[in-house]
Amino acid sequence: MASAGGTYPSGPAERAGPGESPSVHGGAERLSPSAVNRILMEFLIYCSRALIVFYPVYLTGYLGLSISWVLLCMVMVSWWKKNRQWKDARIGTAIDFVDNETQVVSKELRSALQMASWVHFPDVEKVDWVNKVLEQAWPFFGMYMEKLLKENIQQSVRLSSSALKTFSFSKVHFGHIPLRITGMKAYTHEVDQREVILDLNISYDGDVDIDAVLKDPITAGVKGLKLQGMLRVILEPLIGQAPLVGGVTFFFIRRPTLQINWTGMTNLLDSPGFSSLSEDTIMDIIASLMVLPNRMCVPLIDQVKVDQMRFPLPRGVVRVHLLEARDLVAKDTYMMGLVKGKSDPYATLRVGNRHFQSKTVKENLHPRWNEVYEFVVHEAPGQELEVELFDEDTDKDDFIGRYALDLGDVKREKEMDQWFPLEGVQSGEVHFKLQWFSLKTDPSLLMESTDGLACAMLAVYLDSASNIPSSHSEITELQKHGRHAKEARLTKRTACPNSFVELSIDDDVQKSKVVYASKDPVWEEGFTFFVHNIKTQQLSVQVKEHEKKTQLGIFRLPLNRLLNTSDMALDQRFLLERSGANSQIKLKATLRILTVEKPPPKIILNPPPQVKEEGPRTNQGVNGPDSAAPVTAPSSPAAQASYPTPAVDLHNGSDEGYPTHRSPSSLLNMRRFDSHSLLSENSIASSRLDISEGASYPEAIRNHQGSFGEIHLTVRYATLRNKLIILVNGCRNLVPCSENGTDSYVRLYLLPDQSWRHRKKTHVKKRTVNPVFNDKFEFDVSLEEAQTRKLDVSVKNNKMFHTRERKDIGMVMLDLSQLDLAKGVTKWYELTLPGLKKFS
């Protein structure tokens with residue numbers, strides 16, 4: 001099976017190395033004499049081992065010795081084997097530490113709580129000031145939670161069951177140990193300009209003390225709990241009036257971990273058989289409120305709609321092809337571990353609350369599943385595809401590896417087909433093919449597949465209902481006597497129902513929470529469904545009683561009705577059938593078409609040698625997608641990617657890879673390659689153009705004779721933090737663009753990233769030709785990747801924004817592969833303007 005990085009053998013037989021015996025799959029294979037000799041030798045060694053193991057047993061029985069000697073020998077062998085495994089593990093850990101010393105030290109420093117306040121990581125920052133605020137506000141948080149538990153939660157518990165009518169909280173105390181935030185990461189450049197996203201690493205090991213009376217004298221309680229997870233906080237929309245933020249949304253991207261110390265009658269839940277059950281149940285409750293796709297929202301202004309905050313449309317859909325695995329760890333053993341067998345592997349896949357389990361492949365260390373799963377992605381980057389492999393056993397399944405993949409990588413690459421190494425085990429890899437699907441509103445993009453895969457996604461926001469009948473008997477009574485619902489309420493008082501909603505499309509059934517004692521229930525929940533055939537499928541919405549599961553009303557929505565609506569959405573109240581006369585349900589249904597996007601073309605920065613020698617083909621490759629000469633531009637993205645951009649040496653003013661006899665007229669129309677700007681689809685950053693008819697330099701620069709000045713740079717790589725650091729110290733002897741000097745600043749690109757989002761720039765130094773900046777910039781790249789990049793530095797005049805003249809007053813291009821980044825380089829570099837001196 002081929003992967004993204006190359007071809008891999010598809011079966012164990014093809015992977016057999018020189019020292020392995022070839023396996024036979026189905027038909028007979030021709031064995032060489034050396035293979036036969038190797039098989040016979042392995043068989044003899046196996047027989048010798050068996051003889052060595054069983055001969056002492058025979059000898060003990062022959063001599064009439066006690067069975068205790070056999071047991072003693074087995075204990076000694078087992079002790080030796082365990083001691084050997086412990087030594088191997090210790091040596092392996094030491095070797096792994098030596099190989100990955102930088103990563104291990106960085107990880108330990110991140111988790112250390114006693115880190116000096118001046119030590120910080122740009123990726124995840126410590127926020128001690130927030131922890132001080134939490135410590136000061138923690139008693140008031142306890143007062144708020146006590147009021148919430150006694151006034152809201154206590155009443156809900158009493159209504160949930162007749163056996164809990166006397167339930168009450170006798171003591172609520174959230175202790176003196178506050179919640180801590182061990183790290184925070186802020187997203188501002190990667191998101192919309194009207195929002196800020198914060199990722200908070202939450203750690204709570206508190207002395208909570210809560211007691212409750214179930215039914216006198218039965219008591220229950222919690223004394224201490226531990227909670228850890230990553231909480232995402234979204235501040236949106238940012239507005240131009242107080243309080244500057246329209247609303248706050250927070251949720252857990254992944255399920256947090258929870259440990260609870262029970263008291264009272266609930267001490268039974270601390271036993272091994274019940275602890276996981278109780279904590280998983282509570283985690284399910286937390287997940288239904290605060291784990292994606294569920295969110296907690298706090299609107300701060302009236303104009304913000306809660307439904308849009310709580311259930312925005314997903315980012316996209318990921319289709320996961322679980323293909324195969326290889327070199328898995330053998331967990332099945334026989335004869336007390338003396339003989340190793342194979343494993344019966346299966347895989348579990350989870351994204352948020354959606355969970356799948358693959359089939360089990362019996363006795364195979366190289367299993368093939370060839371199964372397909374689809375997941376709705378609400379946050380990318382952020383959400384992860386969590387994969388775990390287990391060996392199926394009759395008692396407890398053995399763990400054989402895990403892997404977590406950030407779905408933001410899939411969104412960026414669009415398609416991924418590669419092997420991923422399993423973590424937590426000695427060996428093993430799993431092969432995935434992943435595809436990213438965007439959500440579109442164009443019905444012409446609809447393509448229904450014949451293999452049973454989804455072609456669209458339906459998002460449903462369930463808001464509320466009104467005039468729900470109290471029971472099924474009330475509906476039959478109204479139908480029997482034909483009385484109006486209002487008249488029936490006047491003649492007979494009925495209890496309010498405990499209702500929930502069941503939504504389904506074919507076999508996919510999802511349920512809402514239960515709203516107790518209300519004829520006008522409010523759910524405010526979101527659901528997503530995969531659609532396979534829009535013309536025939538329909539959404540079924542049933543309102544049911546909680547205890548008897550009887551139907552209180554039904555509504556059906558054909559999905560093809562959404563194709564002809566505005567934005568492919570319906571947001572209104574719908575009459576319920578088989579219910580009261582005025583029973584209605586309010587929901588919003590939004591349909592989106594799944595569309596595959598093509599992967600971005602791979603940009604080759606340095607051309608291969610054979611391209612440099614071919615003048616005509618290289619000339620075509622210079623014209624990028626925004627070239628002024630459409631005749632020579634490539635006609636497809638594939639063609640664009642196949643013609644690399646020649647490197648330009650800015651130190652000597654010559655164009656590397658081009659013949660020296662090229663005429664000036666051909667160079668005047670040349671433009672260097674540039675990626676699209678974020679502002680418009682066809683815009684090009686002005687600083688990325690060479691001399692041409694539409695982008696001339698100012699007269700002061702064209703008439704300048706001599707040097708354009710120098711720039712002082714420090715380039716080094718911080719291995720501990722995995723950052724490329726650029727220090728722009730200053731410039732000297734710049735070209736004076738006016739009588740008072742030059743208002744200059746420095747702009748940086750780490751090629752090939754040339755969009756405005758990746759641009760770095762210093763502050764402006766006014767009226768000087770010898771500016772001092774002392775600005776520091778960091779690029780998040782690995783050392784290996786940094787050594788393949790080039791740094792594009794340009795010094796600009798800030799006062800030319802109102803004219804069409806070029807702002808560049810000097811450039812320099814640094815090839816980082818030629819620098820010792822680990823030691824660092826500090827040097828003055830001469831500024832040039834390519835092509836200007838040659839033709840001025």
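A salt bridge here is a side-chain nitrogen of Lys or Arg within 4 Å of a carboxyl oxygen of Asp or Glu. By that rule, E379 and R232 form one, with 3.0 Å from N to O. This is a predicted model, so local features need pLDDT of at least 70 and side-chain atom pairs count only at pLDDT 80 or more, while totals for chains, interfaces and linings use all residues. Residues are numbered from 1 along each chain as its sequence is written, and side-chain values use heavy atoms, with hydrogens and water left out.

**The chain overall**

- You're looking at 17 helices and 35 strands; helices (H or I, at least four residues) and strands (E, at least two) are DSSP runs, numbered from the N terminus.
- Of the 840 residues, 40% are buried, where buried means under 20% relative accessible area, exposed over 50%, and partly exposed in between (1.4 Å probe, protein chains only).
- Take the contacts (heavy atoms within 4.5 Å) between residues at least 6 apart in sequence: 63% of them join residues at least 24 apart.

**Salt bridges**

- The total is 21 salt bridges.
- Back to E379 and R232, whose side chains meet in a salt bridge: E379 sits in the loop between β15 (368–377) and β16 (384–391), R232 is in strand β6 (residues 218–235), and the two are 147 residues apart. Both residues are buried.
- E374 and R319 meet at 2.8 Å, N to O. This pair also links distant parts of the chain, with E374 in strand β15 and R319 in strand β10 (residues 316–326), 55 residues apart. Both E374 and R319 are buried.
- Shared partners tie D199, R232, R295, R315 and E379 into one salt-bridge network.
- E146 pairs with K150, their closest N and O atoms 3.4 Å apart. Both lie in helix α5 (residues 128–160), four residues apart, or about one turn of the helix. E146 is partly exposed at 29% relative accessible area, and K150 is partly exposed at 32%.

**A four-stranded sheet**

- The strand order in this open sheet is β31-β30-β33-β34, with antiparallel pairing; two strands pair if DSSP finds at least two bridges between them.
- β31 (760–761) and β34 (808–815) are the edge strands, each with a single partner, so one side of each has no neighbour in the sheet.
- Strand β33 (residues 790–797) runs antiparallel to β34, joined by seven bridges. K790, for instance, has D815 in β34 as its bridge partner.
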